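Please go through the structure below with an eye on side-chain contacts and local backbone features. A short report follows it.

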Amino acid sequence: MTISLTVWLLTIAALCALVGVDFLIGRTPHDVSIREAAVWTVVWVVLACLFGLGLLFHGGSGPTGEFFAGYITEKSLSVDNLFVFVLIMGKFAVPSQYQQRVLMVGVLVALVLRAGFIAAGAAIISTFSWVFYLFGAFLIWTAWKLVQDARKGHGHDETEEYEENKLLRIAERRFGVADRYHGTKLWIRENGKRVMTPMLVVMLAIGSTDVLFALDSIPAIYGLTQDPYIVFTANAFALMGLRQLYFLIGGLLKKLVHLSYGLSVILGFIGVKLVLHALHESGVHVPEISIPFSLGFIVLVLAVTTFTSLRATRDRET
C-alpha cells in the first residue's frame with residue numbers, strides 16, 4: 001500500500017491516544033480483576049479487527065490478510081513472552097497492585113523499541129534484498145532452539161527462575177537498590193545517596209527482555225508482509241492488549257505446555273517462506289506461499305497446539 005505521511009501521523013496519534021487512555025485507566029495502582037482484564041482484552045481485539053476491516057476498504061484483501069496474519073503471529077509470540085514476565089514478577093516479588101504499572105511501562109518501551117527495529121528493518125530490506133536469507137535462516141534456527149529448549153524442559157516451567165542480564169547487574173551495582181518497594185517511585189534517597197527502587201529494576205528487566213523479543217518477532221512479521229505500515233500497526237495492536245492478557249491468562253500459561261512447539265512450527269514455516277521469497281527475488285523459479293495459506297496455517301497450528309496442551313494438562317492432573 002501507498003501510505004501518505006498524513007495517514008502515518010494520524011495513525012501514530014490515534015495509537016498514542018489509545019495508549020494514553022490505557023495509562024489513564026491504570027494510573028491508580030490496584031489489583032486487576034479477571035472481569036476487568038477480560039473486558040479490556042475484548043476491547044483491544046475488537047479495535048484490531050476494526051482496523052483490519054478498515055484496511056480491507058482502503059487496500060483490499062491483500063493488506064488485510066497480511067495484517068491479520070501478522071497480528072495473530074505477534075499475539076501468539078506475546079503470549080509466550082508473558083511467561084518470562086511471570087518469572088520476572090516472581091523474581092522481584094512485585095506486589096500485585098503494582099504489576100500493571102510495570103507492564104504498562106514495559107509495553108510502552110516495547111512499542112518504542114519495535115518502532116525502531118521496524119524502521120531499521122524496512123531500510124535494510126529496501127537496500128539489501130538478500131537480507132531475507134538472513135531473516136529466514138535466523139527464524140529456522142530460532143524454531144529449532146525452541147524445540148530443543150522444550151525437550152530439555154525449559155519454557156513453561158513454573159519452578160524456573162529468571163536470570164538477570166549483565167547490564168542489569170551492572171546498573172544495580174553502580175546505583176544501588178533499595179531493600180523494599182516505595183509505592184511507584186523509581187528513585188529514593190537512602191542514607192544520603194540516591195538509589196534505585198525495586199520498581200525501577202523490574203521495569204529495566206522487562207524493558208531489556210523486550211529487546212530480545214523483538215529479535216524474533218520483527219523478522220517473523222517481515223516474513224508475512226514487507227509493508228512497514230502493516231508491520232508497525234500489527235505489532236502495536238498485538239502489544240497494547242498485552243497487559244490485560246497477562247492478568248487474564250496468567251494462571252492458564254502453565255497449561256499451555258505445547259505452545260513452544262507450536263511457535264517453533266510457525267517460526268520455521270515463516271523462515272522457509274522467507275527463503276522461498278528470497279530465491280524468487282533472485283530469479284529462481286520456486287513456489288511462493290500465499291498470505292491466505294499462511295494465515296490459515298498459523299491459525300490451525302495455534303488451535304491444535306492449544307487443544308493438545310489443554311488435553312495433556314488435563315490428563316496429567318487426572
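## A loop residue with positive phi

Ala 93 counts as exposed because its relative accessibility is 55%, and the cut-off for exposed is over 50%. This is a predicted model. Ala 93 sits in the loop between H3 and H4. Its phi is positive, about 50°, although Ala 93 is not a glycine.

How many salt bridges does a search of the whole structure find? The search finds 1. The partners are Arg 114 and Glu 74, whose side chains meet at 3.6 Å, N to O. This pair links distant parts of the chain.

Are the two partners buried or exposed? Both Arg 114 and Glu 74 are buried.

## Aromatic pairs and a cluster

The whole structure holds 15 aromatic pairs, according to the search. One of them joins Phe 67 and Tyr 71. This pair is stacked, with 6.0 Å from centre to centre and 10° between the planes. The stacked label applies because planes under 30 degrees apart count as stacked.

Both residues of the pair lie in helix H3 (residues 61–91). Phe 67 and Tyr 71 are 4 residues apart, about one turn of the helix. Phe 67 has 0% relative accessibility, so it counts as buried. Tyr 71 is buried too, with a relative accessible area of 7%. Which residues form one aromatic cluster? The members are Trp 8, Phe 51, Phe 67, Phe 68, Tyr 71, Tyr 229, Phe 232 and Phe 237.

## Arginines over rings

Two arginines are worth a look here. The charged end of Arg 174 sits over the ring of Phe 175. The distance from the centre of that ring is 5.0 Å.

Arg 194 lies over the face of Trp 187. Here the distance to the ring centre is 4.5 Å.

Ile 188 has Val 195 as its bridge partner in S2.

S1 and S2 form a hairpin, with 2 residues between the strands. Asn 191 is in the turn. The phi of Asn 191 is positive, about 55°.

## A nonpolar surface patch

Which residues make the nonpolar surface patch of about 600 Å²? Val 42, Val 46, Leu 50, Leu 53, Leu 56 and Phe 57 make it.

Leu 53 is found in helix H2 (residues 34–59). At 43% relative accessibility, Leu 53 counts as partly exposed, because the value lies between the cut-offs of under 20% for buried and over 50% for exposed.

## Pro 198 in helix H7

Pro 198 lies in helix H7, which covers residues 198–222. With a relative accessible area of 10%, Pro 198 is buried.

How many residues separate Pro 198 and Thr 305 in sequence? They are 107 residues apart. In space, the C-alpha to C-alpha distance between Pro 198 and Thr 305 is 36 Å.

Notes
Residues numbered from 1 in each chain as written. Predicted model: local features only at pLDDT ≥ 70, side-chain atom pairs only at ≥ 80, totals over all residues. Heavy atoms only, no water. Phe/Tyr/Trp six-rings, centres within 6.5 Å; stacked < 30°, edge-to-face > 60°. Buried < 20%, exposed > 50% of the residue type's maximum accessible area, 1.4 Å probe, protein only. Lys NZ or Arg CZ within 6 Å of the ring centre and 35° of its normal. Patch = residues over 30% accessible without salt bridge, like charges linked within 9 Å, V, L, I, M, F, W, Y side chains within 5 Å. Areas by Shrake-Rupley, 256 points an atom, 1.4 Å probe, with all protein chains shown as cover. Salt bridge = Lys/Arg side-chain N within 4 Å of Asp/Glu carboxyl O. Pairing = 2+ DSSP bridges.
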